[in-house]
Amino acid sequence: MYKLGILEGDDIGLEVVPECVKVMKAAAAKAGLQIEWQPLPIGKRGHESHGHTMPQYTVDALQHVDGWLQGPIGHNAYPRDDPTWINPPLRKKFELFANVKPVKSYPNLPSLHKDVDIVFLRETTEGMQSGSVVFAGSGEFQPNDDIAIGMRVVTRKGASRVAREAFEIARTRKRKKVTALHKEPVYRLVCGMFAQECRKMAKNYPDVEFEEVLIDGFALKLVMKPQQYDVVVTTNQFGDIITDEGAGLVGGLGLAPGLVVGERQAMAQATHGSAPDIAGRNIANPYAMIMSGKMLFEWLGRTRDDAKAAAAAALMDAAVDKVIAEAEHLTGDLGGKSGTTQMGEAIAAAL
């Protein structure tokens, strides 16, 4: 039996996470997968019940789960001068080192390109994001009014483990190809170290094709011919930018699920925000959150060698494909007239 946490987050998180749980429960029942679900407070509701957006109660409970669902957090609305109102740093707290973001086009949904099926991996504990790379203080500083300085961190450990995750995922796919993105000719040391670790890891996977592409050239090629890529791995800041570009190719962030993985736990987290402007109206697209839950099952199946978890993921994938192909129960952003709950119920019923 697995133990999975449910952290609904803020705004539309309170709507899309329950639909994800509904579909995951249906898939688990069909596959014979046993799960103990544990709802946990976070975000605004966490502050209301425990005086903090990341309550210690939730942190303690997450130490003992196999993974969790994380709804979007409405941190832009939080007070800036109160330390109890923060964007919960769960990735850093639980050493979740790789953000896995797939982008996939569907024949009957509008997109810039068809036949796109790419999995992006972005390292999430290092890079240029100052809050993630230092133990104390900040990775940015300003010595005077005219100069601002930020640092970029790449370690062999960080580069190696995100590369390993990329090759492991590639092994499960038809094309079995990994593309590493960097700018080594310019950033000889930091990008150089990342490239070195990717090359080392490639030697352990002779069944997987490996290539390296410079980040600026990749940005061009991704727009022109995204079908040439399968699994793409890169550093934190590069990945933060390039994955949004990828989502734009297939229809936007409403079609962009995500999973953040560590050595023993994973967090299913859609890449879109909390969208307070549409919260409470039952119009939010639950696709990204539901497919993030599917990815959590997929990860459990692969890392635990669990056929039931893998089967549950495959069932969810097929159910979502069916509902999108039939186009009878889609939210407005996908060209339909259904609400959040109707689309979630249709996917659960398709199982």
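The model is predicted, so local features need pLDDT of at least 70, side-chain atom pairs count only at pLDDT 80 or more, and totals for chains, interfaces and linings use all residues. Residues are numbered from 1 along each chain as its sequence is written, and side-chain values use heavy atoms, with hydrogens and water left out.

Me: What makes Cys-198 buried?
Reply: Buried means under 20% relative accessible area, exposed over 50%, partly exposed in between (1.4 Å probe, protein chains only). Cys-198 has 1%, so Cys-198 is buried.

Me: Why is the contact of Arg-161 and Glu-95 called a salt bridge?
Reply: A salt bridge needs a side-chain nitrogen of Lys or Arg within 4 Å of a carboxyl oxygen of Asp or Glu. Here the N to O distance is 2.5 Å. The two residues lie 66 residues apart in the chain.

Me: Is Glu-95 buried, exposed or partly exposed, and what about Arg-161?
Reply: Glu-95 has 36% relative accessibility, so Glu-95 is partly exposed. Arg-161 has 5%, so Arg-161 is buried.

Me: How do you know that Arg-173 and Asp-230 form a salt bridge?
Reply: Their closest N and O atoms are 2.7 Å apart. That pair links parts of the chain 57 residues apart.

Technical notes:
Helices (H or I, at least four residues) and strands (E, at least two) are DSSP runs, numbered from the N terminus.
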